[in-house]
Amino acid sequence: MSAPRLADALGSADLVPMDVAAAYATFANAGLYMQPYLLEQVATADGETLETHLPQARKAMDAPVAYVLPHMLEGVIDPGPGHDPHGP
């Protein structure tokens, strides 16, 4: 068994920036999570398609939740607990 990672309690995690962006994009996609990918299509120099990426999507949350969540995140910063009372 591995040693406990105490930083996890503070919100630390091993995340790849593309995965974080895909998670936030779920809000804009009305709760639909799209699996990130790097290549749309692989083709030869002659233009022959060898492989084409097929999008993989799944419903991660209901659309109303996806709409409200970003507003909740903003509310923590301005004028919520994360707001600097002394200004910028």
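Read from the N terminus, the elements of the protein chain follow the order α-β-β-β-β-α. That makes two helices and four strands. The model is a predicted one.

Start with the chain as a whole. It has 88 residues, and buried residues make up 9% of them. The accessible surface of the protein chain is about 7,400 Å². Carbon and sulfur atoms hold 63% of that surface. Now take the contacts with a separation of 6 or more. Of these, 40% join residues 24 or more positions apart.

Next, go to helix α2. This helix covers residues 63-77, and Tyr67 lies in it. Is Tyr67 buried or exposed? Its relative accessible area is 59%. The cut-off for exposed is over 50%, so Tyr67 counts as exposed. Tyr67 also gives an example of separation along the chain set against distance in space. Thr26 is 41 residues from Tyr67 in sequence. In space, the two C-alpha atoms are 9.9 Å apart.

Finally, turn to charge. Side chains of opposite charge can pair when their charged atoms come close. How many salt bridges does a search of the whole structure find? The search finds one. The partners are Asp62 and Lys59, and their closest N and O atoms are 2.9 Å apart. A salt bridge requires such atoms within 4 Å, so the pair of Asp62 and Lys59 qualifies.

How accessible are the two partners? Lys59 has 59% relative accessibility, so Lys59 counts as exposed. Asp62 has a relative accessible area of 42%, and so is partly exposed.

Definitions and conventions:
Residues are numbered from 1 along each chain as its sequence is written. This is a predicted model: local features need pLDDT of at least 70, side-chain atom pairs count only at pLDDT 80 or more; totals for chains, interfaces and linings use all residues. Side-chain values use heavy atoms; hydrogens and water are left out. Buried means under 20% relative accessible area, exposed over 50%, partly exposed in between (1.4 Å probe, protein chains only). Contact means heavy atoms within 4.5 Å. Accessible areas come from the Shrake-Rupley method with a 1.4 Å probe; for residues, only the protein chains shown count as cover. A salt bridge is a side-chain nitrogen of Lys or Arg within 4 Å of a carboxyl oxygen of Asp or Glu.
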